[in-house]
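Thanks for coming, everyone. Let me put the structure up, and then I'll walk through a few features.

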Amino acid sequence: MKAQWQKVRYGYGPVLGLIICLIPLVLWLPRQPIDSYFSEPSIIFATLAKICSLTGIAMFAWALILSARLRFLERAHNGLDKVYRYHHIFGGLAFILIMLHPVFLTLKFEAIASGLSAELWWSGNFSLVLGRLALAVMVFALIFAYFIKLKHLAWVRVHRILGLVFIIGSWHALAVRGQLDVNPPLFSYMLTLMSLGSLAYFYHSIFGTLLIKRFRYTVERVERPARDITEIILKPKRWPIIFTPGQFAFVSVRDPHVDTEAHPYSFAGSSHERSVRFVVKALGDHTRKLEDVLPGSEVILEGPYGRFSHLNMSKRRQIWVAGGIGITPFLSMAHSLSARYKVDLYDCNKTAGEAVYAKELQALADKNPNFRLIQVCEDEDGFVSAQMIKEASGDLTNADILICGPPQMADALMGQFEDLGIDPDRLHFEDFRY
């Protein structure tokens, strides 16, 4: 069965991005009859090169803007996970289009060999040197970013290089004499978009520590409730972060045992307490070393981010489905849940021994008659399914369904729920695979 999770609402953000990236063509193409752009092969290749250049630079700029974690864009896309998804899409399309730009120019001049020669590469034309330099660095960086599995810190650093590539490429586009010289509206629009992309890069990647509001905490204690699970409890140095249950923050730990790069972790405690709790599963070098972090170490929080919360849903009747460590945001929601909501939480694990927070959740369920905990163990019950949930929870047509867990599980459940006739707008899943 083909997964249908892509139908989950994305807000107006993707449409806004597409419009912004196509406006350069709207400003350029009507300047002369359309058929004149395709009158002969050399002109056709020149037209295709210009289309790739304008839309590629626009998409590159938009991808950088999306990477800045701006609040209004998170709302526009209905969640930061979807912002990252479209950052990935626009960035990938920008890479393809910018790669095609010199290909079409080479075809235009029918000079593949000379176009790749050292003489032309190091020609005295400064704008051409800039363009080739930007292209070479971009190819190198994107090969590592998209096709080579890197550690998180190396991956972040490679992505930061792309901001510099964009700035060099923008200089190239402005230095080349062409349509920007004879089309003032196009020049103004591209200059504005290039400037916004550059500013977004400097705002977040270069001067983020100074410009973005962050909260300072210290490690109160570190616990290890299971072999591969680490809990970190933090207390604020001054002002506590205010978050909605289900949200997450980018956490930077200042401790010699781990790198200082920020990682996204969901809040796992009550939103009414000053201290915050994060539950982290050991999945990589950073997460495996968190258990060695010392009490008293400083921690910087950036956030909160995310729209995945029971408080943001229109229905009071809700079904929560957690797979493995996907229980984390539901822990926060369960601790903050009022009796006005009627919730069934499905805690899905491979074995009963992996249900680390079953007792904690059951204690909350015992205090709230509208909150019910259902344990699903793969070794005894099989994989959780939409039909299993329907049989246990009854009619689902008037309920919001929140899913957090492995993407494969979420993809399967999304498709199954739609097969049962559930409105896609009632299905909610944060997807951070991109």
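Start with the open sheet. Five strands, paired in parallel, in the order β9-β8-β7-β10-β11. Look at the edges: β9, residues 371–377, and β11, residues 427–429. Each has a single partner strand, so one side of each has no neighbour in the sheet. From one strand to the next, the twist averages 15°. Keep in mind that this is a predicted model.

Now take one pair. Strand β7 covers residues 317–323, and strand β8 covers residues 342–349. They run parallel, joined by seven bridges. Within that pairing, isoleucine 319 sits opposite aspartate 344 in β8.

On to helix α4, residues 80–109. Which residues make the nonpolar surface patch? Ile89, Leu93, Ile96, Leu100, Val103 and Leu107. The patch is about 430 Å². Leucine 107, placed in helix α4, is one of its members. Its relative accessibility is 34%, so leucine 107 counts as partly exposed.

Next, phenylalanine 104, also found in helix α4. Buried or exposed? Buried: the cut-off is under 20% relative accessible area, and phenylalanine 104 has 15%. What does phenylalanine 104 touch, leaving out residues up to four places away in sequence? Phe45, Leu48, Ala49 and Cys52. Serine 42 gives a distance for this part of the fold. Serine 42 and phenylalanine 104 are 62 residues apart in sequence. In space, their C-alpha atoms are 9.2 Å apart.

Definitions and conventions. Residues are numbered from 1 along each chain as its sequence is written. This is a predicted model: local features need pLDDT of at least 70, side-chain atom pairs count only at pLDDT 80 or more; totals for chains, interfaces and linings use all residues. Side-chain values use heavy atoms; hydrogens and water are left out. Patches are made of residues with over 30% relative accessible area and no salt bridge: like charges are joined within 9 Å, nonpolar side chains (Val, Leu, Ile, Met, Phe, Trp, Tyr) within 5 Å. Accessible areas come from the Shrake-Rupley method with a 1.4 Å probe; for residues, only the protein chains shown count as cover. A salt bridge is a side-chain nitrogen of Lys or Arg within 4 Å of a carboxyl oxygen of Asp or Glu. Helices (H or I, at least four residues) and strands (E, at least two) are DSSP runs, numbered from the N terminus. Buried means under 20% relative accessible area, exposed over 50%, partly exposed in between (1.4 Å probe, protein chains only). Two strands pair if DSSP finds at least two bridges between them. Axes are lines fitted to C-alpha atoms, for helices over the stretch in contact, and angles run from 0 to 180 degrees between N-to-C directions. Contact means heavy atoms within 4.5 Å.
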